[in-house]
Amino acid sequence: MSDGADAAPALKVIGQRLPRVDARERVTGEARYPADLALPGMAYARQLRSPHAHARILCIDTTRAAALRGVLAVVTAADFPDLPVGTMIPMGELGYDMWMVAQINMARQKVHWVGQPVAAVAAVDAHVAEAALALIEVEYEPLPAVLDIASAMAAAAPALHEHVFTKGIEPRPRAPSNVCSRTVIARGEAQGALTCAPATARVSVQVDTAHQGYLEPQAVVAQVDSNGFATVWASTQGQFTAELMIAAMLGLQTSKLKVVPMEIGGGFGGKIAIHGEAVAVRLAQKCRRPVKLVFSREDVLQGGSGPPAAALIDIAVGAGEDGKLTAITGNYRLDAGGLPGLSPSLVMQASAALYQCPNLDLQGHDVVTNKPRTEAYRAPVGIQAAFAMEQAMDMLCQQLGMDPLEFRLRNAAVTGSTMPIGTPFPAIGLTTILERVREHACWRDPLSTGRLPRGRGLALGYWRGTSMTSAAHITIAGDGRPMVTMGAVDLSGTRTTMAQVVAEEFGLMVDDIHIHTGDSKSVGYSDGAAGSRVARTMTAALVEASRDVLTQLRRRAAEKLQCAPEQLDYASGTFRVQTGSAGISVAELMKATLTDGAIVGRGVSTKLPLGVEIGAHVCDVEVDTRTGLVTVLRYTAFQDVGLALNPAAVEGQMEGSVVQGLGWALTEGFDYGPDGRLRNASLLDYRMPTALDVPKIDCIIVETPVPNVPYGVRGVGEVPIVPPAAAVANAIARATGARLTRMPMTPERVLAAIERAHAVGKQSLR
Amino acid sequence: MKTLLKCTVNGEEHSVLADTRDTLLDLLRDRVGLTGTKEGCGNGNCGTCTVLMDGVPINACLVLAVEAPGRTITTIEGLSTNGVLHPLQQALVEHGGTQCGFCTPGILLSAKALLDQNPRLSEAQIRHAIAGNLCRCTGYGKIVEAIAAVAAAPQEESR
């Protein structure tokens with residue numbers, strides 16, 4: 001299955017298809033998530049949430065709630081420092097504005113979406129806490145709400161935030177706007193080139209909000225000791241980011257706070273920011289008991305967590321008769337939800353990155369509405385943008401009468417070609433991937449026939465990922481075995497792949513390595529597990545830490561064996577003198593030097609070269625033209641992973657990511673009512689794929705190592721969610737002639753698109 | 001209101017003081033202390049709290065604790081014997097059928113109920129049997145493979 005990169009022959013443990021080192025506790029139910037903790041005297045918390053999409057909070061009266069028997073503490077925004085806009089904490093290149101994080105956790109003065117927390121209660125049990133919520137009296141002054149991108153951008157729209165002036169426009173606008181930022185990426189003369197192009201295609205898509213759909217609702221347990229030291233057991237993608245956020249929100253020194261990352265029941269980007277952790281600590285401080293806060297599923301879906309962004313995207317592309325792209329233009333409007341979101345710059349670049357094109361004109365807008373503040377979801381906004389871009393490319397192929405794979409090969413970005421940001425591409429294997437697609441049965445086999453129309457779609461995906469900082473240290477146990485403490489949370493099998501890296505470095509087996517994620521006080525600062533960064537950067541940190549350990553051990557071994565350190569060879573847990581037979585195992589060495597102090601090898605990776613991810617997906621669908629139901633018959637995902645540390649783990653990431661993409665493509669969409677209330681805030685009505693809804697996903701791994709990255713590892717987990725919606729849409733178009741421009745592509749939307757396509761067909765026959 | 005309940009979980013008798021509003025899931029997690037059974041939605045949509053009641057897979061969040069007496073309950077903690085993994089657990093480990101692990105206990109119990117009834121299974125039957133258990137990490141492929149591997153294996157051990 002693997003291409004076999006040139007580094008392969010020397011590797012013994014890396015590249016092996018090994019089971020997860022933490023699989024046993026998962027299949028036995030021993031794995032501990034925060035909701036599983038019970039501490040003596042523990043209180044239970046619940047949050048009161050806003051019933052309005054947009055309102056001023058005039059007054060909150062908690063007297064009656066506080067007086068209820070069994071209620072131990074009540075908090076509102078008045079219990080937290082009023083952080084000004086722009087109070088930043090670090091997180092990679094961007095950082096987080098704590099004003100925003102505070103609003104997500106406890107509304108102050110105004111509510112910006114249904115479900116935003118306005119108060120919280122701790123009580124002797126969850127039933128009492130729930131009953132107390134009904135006794136909190138909040139007086140609201142409802143304000144006009146804007147619920148979608150178009151109404152938020154309309155000239156007459158009320159400005160949702162007085163301090164938001166559109167960034168990226170010179171001179172600075174005088175009036176506040178719901179457009180938080182405008183981004184332009186341009187080169188050449190795209191509009192002119194588009195007008196002149198012999199073949200053009202245009203598409204405008206609308207993508208509904210979806211959800212990351214992690215099965216574990218947000219949960220936290222907080223305890224504050226009599227010296228004021230707080231311990232927070234959290235379900236988080238980053239214990240250090242959570243610590244910085246909690247500390248800032250509470251005005252607490254970080255030396256008075258420890259965040260212990262428990263097992264995390266899925267995050268996918270939605271558990272980077274805190275949701276309730278600081279509130280639980282404040283409640284614990286007030287009631288002097290440990291406090292547990294667990295979200296209900298409705299809390300998660302109805303405004304208690306950050307879903308990914310809805311989007312409106314227009315793409316136009318042009319090509320010469322030779323099938324060479326001449327222009328790409330795009331207008332990306334992203335729904336940030338109730339507070340300013342991310343700059344659309346990354347996704348604009350991502351959606352155009354895989355094509356060499358001389359003329360580009362991409363514009364992006366980050367727009368606020370009265371919906372939950374959005375957060376990342378696996379390659380954030382990648383699937384939305386690809387749904388537009390990859391359909392536009394497919395339509396262009398149809399215009400040109402060109403095979404979509406040949407078209408991609410003709411225009412494919414290659415190592416050294418210019419990226420949308422203007423810099424040359426680092427080593428990429430897109431052409432290799434496309435050639436693998438061309439040879440593969442999923443592309444060569446004729447479509448199987450059935451009673452209903454079938455079609456095959458192709459779509460590409462690109463994701464940049466990030467690097468940021470990963471730290472780790474390794475100590476050596478008395479028996480000579482490495483004990484690894486990582487600063488990164490294990491979201492995707494990190495403990496397993498990193499145990500493989502350390503085993504490789506020490507010439508040992510995975511079973512010889514003990515590995516765990518440290519809490520925020522027992523390991524060096526690391527950024528959160530996000531942006532497909534952990535496997536690559538933690539590999540770099542652990543290679544450094546392993547070599548540091550071996551250097552320290554070598555010094556001790558040389559002393560024992562009475563030779564110079566450089567006269568020793570190390571292999572598989574033993575140092576040997578190069579000349580002669582003298583040697584000492586690390587186990588013997590540790591026993592002999594028990595009183596010489598700890599061996600601690602440290603490693604840190606920061607600003608490692610990116611490990612950009614590229615994938616190509618091929619999908620066969622069947623469309624029931626009477627009901628609009630789309631069935632995915634076959635799905636094959638090709639991806640360049642640099643080097644697969646563990647092919648089973650890589651496939652696991654790819655398969656899960658694709659299925660999430662198929663879910664959003666076909667059934668997953670938030671249905672907001674005119675009052676801004678989510679009408680499908682349950683896992684019955686918000687329909688994620690079941691085992692019956694998806695086929696087996698075939699994964700083809702290609703390996704083009706990243707230069708200057710240990711073992712050449714790339715990111716893996718994000719890009720496979722990028723192409724699925726476009727691949728399905730292209731397959732539907734090939735099956736039925738209908739273009740789907742609204743996502744998810746539910747049966748009623750598919751049916752409507754088929755009817756529209758027929759109407760247009762009939763008109764053109766007249 | 002609190003009430004004294006006697007129940008049998010994984011072959012062990014328990015007497016616990018439960019709130020009459022408690023679900024079987026609350027009883028198992030908060031009163032008996034078996035936290036392997038997870039709560040993903042609390043209204044029977046996701047299947048993470050699947051346990052066996054008299055051998056039948058049910059959502060523990062949809063059953064009241066007061067319905068437990070007289071029934072035989074099996075949770076994930078009762079699947080392995082003396083530290084030896086059940087073949088389904090072993091297969092899930094080997095096939096990479098567990099990632100974040102939150103859906104895993106429920107999936108295993110749904111699969112056990114299916115296999116106990118019918119040891120020879122097609123892929124379609126397996127997918128149907130676990131269709132009430134959402135998994136967000138794996139895309140289901142490796143879970144289905146793992147269950148199929150057990151279904152195809154010789155039947156020497158009791159399941």
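At what angle do the axes of helix α2 (residues 87–95) of chain B and helix α5 (residues 141–152) of chain B cross? They cross at roughly 135° and come within 8 Å. This is a predicted model, in which local features need pLDDT of at least 70, side-chain atom pairs count only at pLDDT 80 or more, and totals for chains, interfaces and linings use all residues. Residues are numbered from 1 along each chain as its sequence is written, while chains are lettered from A and ligands numbered from 1 in the order in which they are written.

Stay with that pair of helices. Helices here are DSSP runs (H or I, at least four residues), numbered from the N terminus. Axes are lines fitted to C-alpha atoms over the stretch in contact, and angles run from 0 to 180 degrees between N-to-C directions. Angles under 35 degrees count as roughly parallel, over 145 as roughly antiparallel, 65 to 115 as roughly perpendicular and the rest as oblique. α2(B) and α5(B) are therefore oblique to each other. Their crossing is right-handed (the near helix is turned clockwise from the far one by less than a right angle). Residues in contact have C-beta atoms, placed from the backbone, within 7 Å. From α2(B), the contact includes B:Leu88 and B:His95. From α5(B), it includes B:Ile143 and B:Val150. By class, it has nine nonpolar, one polar and two charged residues. Nonpolar means Ala, Val, Leu, Ile, Met, Phe, Trp, Tyr, Cys and Pro; charged means Asp, Glu, Lys and Arg; the others, Gly among them, are polar.

Now turn to chain A. Helix α19 (residues 724–736) of chain A has 13 residues. From first C-alpha to last, α19(A) reaches 18 Å, close to the 18 Å expected at 1.5 Å a residue (1.5 Å times one less than the number of residues). Is α19(A) enclosed or open? 13 of its 13 residues are buried, so α19(A) is largely enclosed by the rest of the structure. Buried means that 20 or more other C-beta atoms lie within 10 Å of the residue's own. After α19(A) comes A:Gly737, with a positive phi near 80°.

Which helix does α19(A) cross at roughly 35°? The partner is α11 (residues 382–400) of chain A, and the axes come within 7 Å. This crossing is right-handed. Among the residues that meet are A:Phe387 in α11(A) and A:Ala729 in α19(A). The contact divides into eight nonpolar, two polar and two charged residues.

Finally, look between the chains. 38 residues of chain A are in contact with 42 residues of chain B. α18(A) gives the largest share of chain A's side, seven residues.

Conventions:
Contact = placed C-beta atoms within 7 Å. Helix = DSSP H or I, 4+ residues; strand = E, 2+ residues; numbered from the N terminus. Buried ≥ 20, exposed ≤ 12 C-beta atoms within 10 Å, placed from the backbone.
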